Amino acid sequence: MTQTQSPKIVKKKLFSPIWLLPLLALGLSAWLGIKSLQESGIEIEIHFPSATGIDVGKTLVRYQGLNIGKVVDISLDQNLSGVEVKVLMDYRAQPFLKRNTKFWLVTPKASITGVEGLDALFSGNYIAVQPGDGDSQTRFVAQREAPPMKPGKDGRIVELYADTLGSVDVGSQIFYRQIPVGSVVSYKLEPDQQIQISAHIKDPYANLVKTNSHFWNVSGIAVNASLQGINISSESLSAILAGGIAFSSDSTAAPAAANASFPLFESEKQANGGVRFTLTAPHAEGINQGTAISLRGITIGTIDAVKLTDKGVNLSARLFSANQALLTNTAQFYLQGAEISLKGIHHPGRLLTGPVIELLPGSGKAKSHYPLLDKAPDNHNGPFTLQAFSKQNPGIKVGATVKYRQFTIGQVTEVTLAKDFTQVNYILQIAPAYQGLFSQGSYLYGQSPVSLDASVDGISVTTSDSDSLLSGVLILEPGQHKQPLNREHSLAVYASKADAINAQREAHSRQVTLRSPDGAGLSAGSPVYFKKMQIGRVKSVQWQPKSTDFAIELQIDQDYAGLLTPNTVFWQNSAVTIKAGFTGVDVNVAPLAGAIKGSVSLAILPSTATTKAKTNTKQLYASEQLALAQAQPVTLLLPATAQLKTGAQIRYQGVDIGQVQQTKLSEDLQQIQATAWLNGRYADAFLRQDSRYYLVSARISLQGIEAPETLLTGAYIAALPGQHKLHQYRFHIQEKPDWYADTPPQALKLTLVRNTLGSIKIGTPILYRGLTIGQVKGVELATSGRNVHIYIAIDAKYRQLINRSSRFWDYSGIKVDVGLFSGAQIETGSLQTILAGGIAVATEQPNQTGNQLSSHTSFPLHAKANADWLNWAPKLQ
């Protein structure tokens, strides 16, 4: 009988998982739509005077070299006065779009001051942006010119005001003592009709601008012609062509703030107004504002104001900056007009111009008040006689004039050769009024009849007056000391101003002696630079036979003596340095003087860079890289057959600690002498008498390639530190390497002894229960020749597995044992041990005080393991 099965009732699911797919698709579409809207960009409008140089789809908007927008449409504005440029900005530029944000078109422009927008010459015109503050907006008016750069950490902006612009233009350089330190970035006409000039001072020189700095225009050429000669001067060649501004500062004043304002004077004379003082007199007859102060007929100052007092009058006087040194403690002033006598009229011009105030220089520190005498003071002293000497006569003859600031103050009365023929002696007669100009440290130098100085920094032509062409001229340079010069003192006479300056520099300079393995391409007079500014020169280069190196003596100017610290390092400069890499090519060209004569640079290392407060400040390094690393020189000697190249690394534990700079054969052709440098951070430990060096090159065997990197880079030198107290700088590279040179000091070093080497090689693993715990570091025949020594190293983390109860056996290859009754037994290890060999080890007893090991303990290496060895399982800790 057939049984009917009851139907199963299945409840229908209310929600099927298949519906998750359209929900996920809907969510993904919504997310992509929102993201697309967010990153679709921001559309803004910029009004330009014209569309010249702007193309739809091509012209980009850039900020600091990064593209942040593109022009998408151009249309005329409603008034036909310009164009509306629609720009689609990157959505990430939203923070830049503020009310004071500025846009302008960058196009390549060439002028005397240089080329602007050079990048636009290759990539096309683009719209630059300068972020501003304020509320967000999307409509802007483009600037007609690039706005001045904002003040910030990179330099300082100063505002200059002048009545006329002159030859100053955007890009005109700003000079400080004839060194370019900045440039003009913009100018505009203010409502009060003054010209506002914005100048940018570069960051290294920003602190040179003080609160009392004076700025003046140095554009063009200044020509001063008179009976005393012709003087043509300029600030620099670029200032002649493109205009320029110079400034001076008081080093003791506080630095000026950003956007500080200064007047721009027409000349240095107006800017640096000289020294001011007061003359007191019972009356002011014939004296007015503008009355000249004169010295031997040359105007050296003026009266700025006349003020009535209860006791008479006070005259506000000023000596020009070039003559302010004439104002001394004992200086005297007197009124002198035209003199009429039976012999005629003396100073007839003063009948029309009025009297002048004559100055008689003195000595000592200047005062603020001086009496004005009615007539010249009585002077009963005769001429002041001085002696002078020079190594070689610079064309000075009897009758030659002695001048100070182009004023004749005396003459040469005698020129003779010294009795020992070592120098030329002079006798000078100086007018009594100028005796105070001579003090301790004063010196004289000869002036050439015609002096021409032409360079990139400027052009200067100076000629002497006709009376001095035959007899010569001596120029006085007063000393800095206030102690008067006595008649017995003899002044030094130099051939020229340059020789005098060099002699004074040498007398007051700091001497530094450097050591170098070669002459470094230097000679006497080679410049010494700090950050590409010359601060000294090479005095001499001398070979030292005892030390077989060169002693290079430097003279560092006194102003820069503070750069000579225990952390100062020196290196020789290359004429051209080229660094090429994936990021580009960097070409560094030395200054012209340094490229021709060779040069030295110096730098100051941070105090943390020194090692044990011992820095090699008297070593001349071959490059900046070696100097900054405080490298130490070392000489390494190798066999002539060694394959070592220049540039090979010196390494310890895989870390580069030095480099071979030069290799050469010895005179007997039996050795290679390698000159190398060690990094100063590690050098001390590797310059001990027991330090060791050996050559590492690739070795190919069944177990692999040892030092495979040397197949590409060539051999390198491995170094081992020493412990000896004494140092040495010359080492013989060992022919046989130290087996444990690259082994960590914590590893356990052991020696295994067997009759034959078998298949054991360097690199053969040491196995404990099938795991590698060390390796063979070296093999050699014993001195007696009766057995082989195998040097192994157990990793530090496994050294507790080995003690005096340990047994070692050869685990290499395939071992076959055939017996008549036992049959054949085949024993193999892993594929690695079959091919490359292996050494197994087992330990019988736990670690105890009596069975601990020290390095270099010897064990026999057995041919095979005893059966019970394989069952040893002590607890080793």
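This is a predicted model: local features need pLDDT of at least 70, side-chain atom pairs count only at pLDDT 80 or more; totals for chains, interfaces and linings use all residues.
Guide: Welcome! Let me start with a rule we will need: two strands count as paired when DSSP finds at least two bridges between them.

Visitor: What makes strand 3 and strand 4 a pair, and in which sense do they run?

Guide: The rule asks for at least two bridges. Strand 3 (residues 66-76) and strand 4 are joined by 7 bridges, so they pair, and they run antiparallel. You can look for Gly69, which stands opposite Met89 in strand 4. The two strands form a hairpin with 6 residues between them, and Leu80 in the turn has a positive phi of about 55°.

Visitor: How many bridges join strand 1 to strand 4?

Guide: There are 7 bridges between strand 1 (residues 42-48) and strand 4, which run antiparallel. Here Glu45 stands opposite Lys86 in strand 4.

Visitor: Where is Arg99, and which residues does it touch?

Guide: Arg99 lies in the loop between strand 4 (83-89) and strand 5 (102-106). Not counting residues up to four places away in sequence, Arg99 touches Asp133, Gly134, Asp135 and Gln137. Arg99 and Gln137 are 38 residues apart along the chain, with 6.0 Å between their C-alpha atoms.

Visitor: Is Arg651 buried or exposed, and why?

Guide: The cut-off for buried is under 20%. Arg651 has 18% relative accessibility, so it counts as buried. This residue is found in strand 47 (residues 649-652). Leaving aside neighbours within four places in sequence, the contacts of Arg651 are Asp656, Ile657, Glu709, Tyr716, Ile717, Ala718 and Ala719.

Visitor: What makes strand 46 and strand 54 a pair?

Guide: At least two bridges are needed. Strand 46 (residues 632-639) and strand 54 have 3 bridges, so they pair, and they do so in the parallel sense. Within strand 54, Phe731 is the bridge partner of Leu636.

Key. Residues are numbered from 1 along each chain as its sequence is written. Side-chain values use heavy atoms; hydrogens and water are left out. Helices (H or I, at least four residues) and strands (E, at least two) are DSSP runs, numbered from the N terminus. Contact means heavy atoms within 4.5 Å. Buried means under 20% relative accessible area, exposed over 50%, partly exposed in between (1.4 Å probe, protein chains only).
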